[in-house]
Amino acid sequence: MKLSRKNRILHLTPSRILVVGFALIILLGAFLLMLPISNSNGQPLSFVDAFFTATSATCVTGLVVVDTGTSFTVFGQVVIMLLIQVGGLGFMTMATLFALAFKKKISLKERLILQEALNQGSMEGIVRLIRKVLLFAFCIEGTAAILFATRWAFDLPLGQAIYFGIFHAVSLFNNAGFDLFGSVYGPFSSLTSYVGDPVINTVAMLLIVLGGIGFIVLSDVVDYRRTRKLSLHTKIVLTMTGLLIVIGTVVIFIFEFTNTRTLAGLSGWEQFWASLFQSVSPRTAGANTIDIGAMRQASQFFMIILMFIGASPGSTGGGIKTTTFAILVGAVITMIRGKEDIVIYRYRLAKDRIFKAVTLTLLALFLVIMVSMILSTTEDHPFLMILFETTSAFGTVGLTMGLTTDLTDFGKVLLCLTMFAGRLGPITLAYALGPKSERELYRHPEGKITIG
């Protein structure tokens, strides 16, 4: 009997393994960032600041309490870059890389964890998908690093240009938003010096989009020449991604083109690039080419909506995901039309997908609202700034209106928990923390309530 209880205690579901694994990586990263060798001034960060930075990197967010380019040595920056890579691709994906390299067999338990990490419906072909994930990631990051380095070689020493190219390629593809330009153009500068640069803007946005649409979609698109068909998932992701980028660009331009602190002082070409970049970045990259704090409140609130929606399933981004948003929009249209089934691209969606989308959205809304209410009590800042910061943390975006560096230690820890929940997903976290559900043996009688 004692052995049975011990087995139950030691038994970890895939969801719990993901939670424990990410937590351990964050703690290890915090320890490394606290070392004097990681800090440019030779003195260690406080535990809270190191923990916040490690959480932000591992959860591929990009919110920072100290400037990455000026506060960390090359060692500290490489630690952050590795945390971003492991956090973006998933620690189980990286573990599988080493297992494949040493020709180690992937166990059933490990396949279940990979299935949970990549949000797959089955284990079929999961190892083959992991191989594609690693191939896509390293090829895209390598190509972008070369393009970045070539462009920055005109502004920086060659060695620094290559290093910057590698770091920013990893950061942007994993939708992290960390940058090193504080060491060049002053603290927290991000990419504002390249607001109209077509090379930097194009490469950066391609990285964000490719990292945000998900590896399932990338695989589907690459295989299209052979299969001549796209899955329903891929069609929805590509459609929603395109619509959100176009709508976001138009809305931001309309609200900001007369704002002298953002777009009004730029040329027409620079205004286009800035509007487009600020539409892509909230999906969930965290880089910016104009001052987010100087934008009008309407634009800032619209960006909150984009950050809440986030990227797509199986990607390096956060948020409730584009597919969830598509299901919610489909449900509204279906109800208005008086239909019973949600039909997208001539496919009827299963009821459990709809319930999961509603559950995820409500859990996410509850988390963002509760954290915003608590921070509005502990932090002496306008509510819109707090809501923006909270949504940015949940969506693992990394954009900020300037609140991050002014947070209290309590606020930093609370945002760390929010980033953690946003990276793993509210449902995965709920499964991990909740008791194991028992199978229902009977169904209750149907009841009716009035809606609306």
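User: Happy to look at this one with you! Is aspartate 352 buried, partly exposed or exposed, and what is its relative accessible area?
Analyst: Good place to start, and note that this is a predicted model, where local features need pLDDT of at least 70, side-chain atom pairs count only at pLDDT 80 or more, and totals for chains, interfaces and linings use all residues. Residues are numbered from 1 along each chain as its sequence is written, and side-chain values use heavy atoms, with hydrogens and water left out. Buried means under 20% relative accessible area, exposed over 50%, and partly exposed in between (1.4 Å probe, protein chains only). Aspartate 352 is therefore partly exposed, with a relative accessible area of 42%.

User: Which residue meets aspartate 352 in a salt bridge?
Analyst: A salt bridge here is a side-chain nitrogen of Lys or Arg within 4 Å of a carboxyl oxygen of Asp or Glu. For aspartate 352 the N to O distance is 3.3 Å. The partner is partly exposed at 42% relative accessibility, and its name is arginine 353.

User: How many salt bridges does that rule give?
Analyst: Side chains of opposite charge can pair when their charged atoms come close. By the rule, the count of salt bridges is 6.

User: How many residues apart are lysine 412 and aspartate 49?
Analyst: Helices (H or I, at least four residues) and strands (E, at least two) are DSSP runs, numbered from the N terminus. Lysine 412 is in helix H20 (residues 409-424) and aspartate 49 in helix H3 (residues 47-58). Lysine 412 counts as buried at 8% relative accessibility, and aspartate 49 is likewise buried at 14%. The pair links distant parts of the chain, 363 residues apart.

User: Which residues are linked with Asp223 in a network of salt bridges?
Analyst: Aspartate 223 pairs with lysine 132, the closest N and O atoms being 2.9 Å apart. Aspartate 223 lies in the loop between helix H12 (215-222) and helix H13 (224-227), and lysine 132 in helix H8 (residues 126-152), so the pair ties together parts 91 residues apart in sequence. Aspartate 223 is buried at 18%, while lysine 132 is partly exposed at 24%. The residues linked with Asp223 are Lys132 and Arg226.

User: What is the phi of lysine 321, roughly?
Analyst: Most residues other than glycine have a negative phi. Lysine 321, in the loop between helix H16 (297-309) and helix H17 (322-336), is buried with a relative accessible area of 16%. Although not a glycine, lysine 321 has a positive phi of about 90°.
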